[in-house]
Amino acid sequence: MKKLSTVMALVAIGMGFAIQEAAAAAPSKDSVAAQSAEPLSTQEVYRLYANRSWMWKDGSGYFPAKERRFVASTGNGSKGSYAVGRWFITDPGKLCFDAKWYAKDGASSALTCFSHREKNGVVFQKREPDGDWYVFKHARAKAGDEYHKLRPGNYVDARFKRVEARLSGSK
């Protein structure tokens, strides 16, 4: 069980998704705005992610259109992990990727989903099921928008191959 929890910890850290504490006070202004926003269509979500890499703090995930395969890699050396799976879009406005993550201590499957809504050109995103809504892309995109971490092309392969080779050599 310890190995599985280590793998899951690597997945959470590697994906670069910070754990956010729920605010004890009123909901954030982004949450309030997102509640009245409309979910993105399947086509809009597809255009955001297809054939792009989502750059994370210590790695990236790639969403190729072909076969909707999902690949990701995080970390380096013995602390590296990689994932192989599929990505898909569900209505209303939800992107999910279902992947098996491999790390030094074993492997574990994880389903990760994000919802997307839009209001007045502002796109909101939240990690499902219990993330907080935040501005993913302003109407006039700003430098700090998460949207800018989606880059056309595959930025995963080089690290993926290194991490995969390192982990398969450690078995």
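Q: Just after H3, about what phi does asparagine 51 take?
A: This is a predicted model, in which local features need pLDDT of at least 70 and side-chain atom pairs count only at pLDDT 80 or more, while totals for chains, interfaces and linings use all residues. Residues are numbered from 1 along each chain as its sequence is written, and side-chain values use heavy atoms, with hydrogens and water left out. Helices (H or I, at least four residues) and strands (E, at least two) are DSSP runs numbered from the N terminus. Just after H3, asparagine 51 takes a positive phi of about 60°.

Q: In what order do the elements of the chain run from the N terminus on?
A: The chain contains four helices and ten strands. Read from the N terminus, these elements follow the order α-α-β-α-β-β-β-β-β-β-β-β-β-α.

Q: What percentage of the 171 residues in the chain is buried?
A: Buried means under 20% relative accessible area, exposed means over 50%, and partly exposed lies in between, with a 1.4 Å probe and protein chains only. By this criterion, the buried share of the 171 residues is 39%.

Q: How wide is the arc that the buried residues of H4 fall within, seen down its axis?
A: Helix H4 (residues 157–169) has 13 residues and reaches 18 Å from its first C-alpha to its last, close to the 18 Å expected at 1.5 Å a residue, where the expected span is 1.5 Å times one less than the number of residues. Arg159, Phe160, Val163 and Leu167 are its buried residues. The arc is taken over the directions from the helix axis to the C-beta atoms. Seen down the axis, the buried residues of H4 line one face of the helix, because they fall within an arc of 100°.

Q: Which strands do the buried residues of H4 pack against?
A: On the other side of H4, Lys161 and Gly169 are exposed. Contact means heavy atoms within 4.5 Å, and the buried residues of H4 pack against strands E3 (59–63), E4 (69–74), E5 (81–90) and E6 (94–103).

Q: How wide an arc do Val45, Leu48 and Tyr49 cover around the axis of H3?
A: In H3, these three residues, Val45, Leu48 and Tyr49, are buried. They lie on the same side of H3, because around the axis they cover an arc of only 80°.

Q: Is the ring pair of tryptophan 56 and tryptophan 101 stacked, edge-to-face or tilted?
A: Rings of Phe, Tyr and Trp (its six-membered ring) pair if their centres lie within 6.5 Å, with planes under 30 degrees apart counted as stacked, over 60 as edge-to-face and the rest as tilted. The structure holds 14 aromatic pairs. For tryptophan 56 and tryptophan 101, the ring centres are 6.5 Å apart and the planes stand at 35°, so the pair is tilted.

Q: How many residues apart are tryptophan 56 and tryptophan 101?
A: Both tryptophan 56 and tryptophan 101 are buried. Their pair links distant parts of the chain, since tryptophan 56 lies in strand E2 (residues 52–56) and tryptophan 101 in strand E6, and the separation is 45 residues.

Q: How far from the ring centre of tyrosine 147 is the charged end of lysine 137?
A: A charge sits over a ring if NZ of Lys or CZ of Arg is within 6 Å of the ring centre and within 35 degrees of the ring normal. Tyr147 belongs to a cluster linked by ring pairs, which includes Phe63, Phe70 and Phe136. The charged end of lysine 137 sits over the ring of tyrosine 147, and its distance from the centre is 5.0 Å.

Q: What distance separates the C-alpha atoms of glutamate 118 and glutamate 38?
A: Glutamate 118 lies in strand E7 and counts as partly exposed because its relative accessibility is 29%. Not counting residues up to four places away in sequence, glutamate 118 touches Ala37, Glu38, Leu40 and Val123. Although glutamate 118 and glutamate 38 are 80 residues apart along the chain, their C-alpha atoms are separated by 5.4 Å.
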